[in-house]
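Hi everyone, thanks for coming along.

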Number of protein chains: 2
Amino acid sequence: MRMPEETNRRYRKNRIPEILNVAARLFREKGFSATSIQDIAQEIGIEKGAIYYWIKSKDDILYQLIENEGERFIQNVSKIIDEEISPDKKLEKFMKKHIDVLTENVDKASVFFNEHRSLPKKWKSKIIQFRDKYESILRKIIEEGQKEGKIRKDIDAKIIGFAILGMINWVFHWFSKSGRYSSSEIGDAFWEIIYSGIKKQD
Amino acid sequence: MRMPEETNRRYRKNRIPEILNVAARLFREKGFSATSIQDIAQEIGIEKGAIYYWIKSKDDILYQLIENEGERFIQNVSKIIDEEISPDKKLEKFMKKHIDVLTENVDKASVFFNEHRSLPKKWKSKIIQFRDKYESILRKIIEEGQKEGKIRKDIDAKIIGFAILGMINWVFHWFSKSGRYSSSEIGDAFWEIIYSGIKKQD
């Protein structure tokens, strides 16, 4: 049977970005396990079969979501470490860029932080490696700041790093694009609090 | 048929705390939807029927977990607001007690923060009310500090509140009882960072 023209067109339009966006929202709202491919298809308004034309499985959607998000985070900060600027400027950039990436799509950020547990083992370990790399970039910047006398030394770089990550990651729990604060207002305020808090105190 | 003495004894021992602890760990590791009553029973080493002797349903376990945790948080901080101490002392107590409650059982904290979405609607709204109340206690303390000139006024109390909540809530993601930092070390370091960051700056 020849495919009707309309169906053919529908299949040809790249549905992946839409599938990922809708899946991220549903995974966030209901959790990965409680969301079916059928739910995603229904929300987009296409047939279940059309989803499988673009992706292999629900695991595949989850992995793509988490990997893309991880890469966006890493790309955004990996250049900072080698820039010819002072460590406190690096830290400021790190925090603000992180908040920008995260607020662009809080559904995806939420899935990134909360659903890597649902990934098959081999993929999970890749994500953990990524997270370790990311945290080590942050820690390196803080240690550089401590060495250069810009950042206080009476608190471990590791615990300063956790304080910063908590503050900036938690944003996905409360940020809304229609909310009171823009991404850059949050970045400015958080940087102001953190910098006053961790700079070398008088 | 008369119940054998051994079975009888097994049924009589209050299994609820154990069920809640094991469920919290599994809900955290695999997610609420992906965990079955059978998984919980197997992990404890009892029969599925024995679980139903103590609890009505998986939803019931989740609600008990989240409600207990919420009450522990609220009880710990609700007295602080009326104490005869300065707002910065109140804030210090709030942060440190919050970290103590949370680190006591990070599985339960994780379920509290990530799985309220899985609750039936009527229960979910109760949890959201709780969260709003908790955040408003924190905000009130910060505003009091701003009014009394202890806390900087150039950053909104609301955003300072989010910064603090992020920092202290995120602890469940990385804290381990066998890890490098005790709850009180984290409390001291975080308070040091936050207080230096938000006190009235010179």
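How much area is buried between chain B and chain A, and what part of that do carbon and sulfur atoms give? The answer is about 3300 Å², with 66% coming from carbon and sulfur atoms. Buried area here is the accessible area, taken with a 1.4 Å probe, that two parts lose on being put together, summed over both.

A quick word on where this comes from. This is a predicted model, in which local features need pLDDT of at least 70 and side-chain atom pairs count only at pLDDT 80 or more, while totals for chains, interfaces and linings use all residues. Residues are numbered from 1 along each chain as its sequence is written, chains are lettered from A and ligands numbered from 1 in the order in which they are written, and side-chain values use heavy atoms, with hydrogens and water left out.

Back to the two chains. The contact, meaning heavy atoms within 4.5 Å, takes 41 residues from chain B and 41 residues from chain A. Three residues of chain B, namely R117(B), W170(B) and I193(B), supply 22% of the area that chain B buries against chain A, more than any other three.

What about charges and polar groups? Six salt bridges are found across the interface of chain B and chain A; the rule asks for a side-chain nitrogen of Lys or Arg within 4 Å of a carboxyl oxygen of Asp or Glu. R152(A), for instance, is paired in a salt bridge with E192(B), and their closest N and O atoms are 2.7 Å apart. There are also 15 residue pairs in polar contact between chain B and chain A, both residues at pLDDT 80 or more. A polar contact is a pair of N or O atoms within 3.5 Å; within protein, one must be able to donate a hydrogen and the other to accept it, and residues adjacent in sequence count only if both atoms are side-chain atoms.

Which helix of chain B gives the most to the side that touches chain A? That is helix 11 of chain B, with ten residues. Helices are DSSP runs (H or I, at least four residues), numbered from the N terminus.

Now the symmetry. A rotation of 180° with 0.0 Å of shift along its axis superposes chain B on chain A, with an RMSD of 0.0 Å. The two copies are thus related as by a two-fold rotation axis. In chain B, the residue that comes closest to the rotation axis is G197(B), with its C-alpha at 1.9 Å.

Last stop: inside chain A. An automatic or database domain assignment gives domain 1 (1-55) and domain 2 (57-198) of chain A. The C-alpha centres of these two domains of chain A lie 30 Å apart. In the contact between them, 18 residues of domain 1 of chain A meet 19 residues of domain 2 of chain A. Together the two domains of chain A bury about 1500 Å² between them, 65% of it from carbon and sulfur atoms. L20(A), R28(A) and F32(A) supply 47% of the area that domain 1 of chain A buries against domain 2 of chain A. R28(A) also forms a salt bridge with D107(A), with 3.3 Å between the closest N and O atoms.

How values were computed: Least-squares fit on C-alpha atoms with pLDDT ≥ 70 in both. Helix = DSSP H or I, 4+ residues; strand = E, 2+ residues; numbered from the N terminus.
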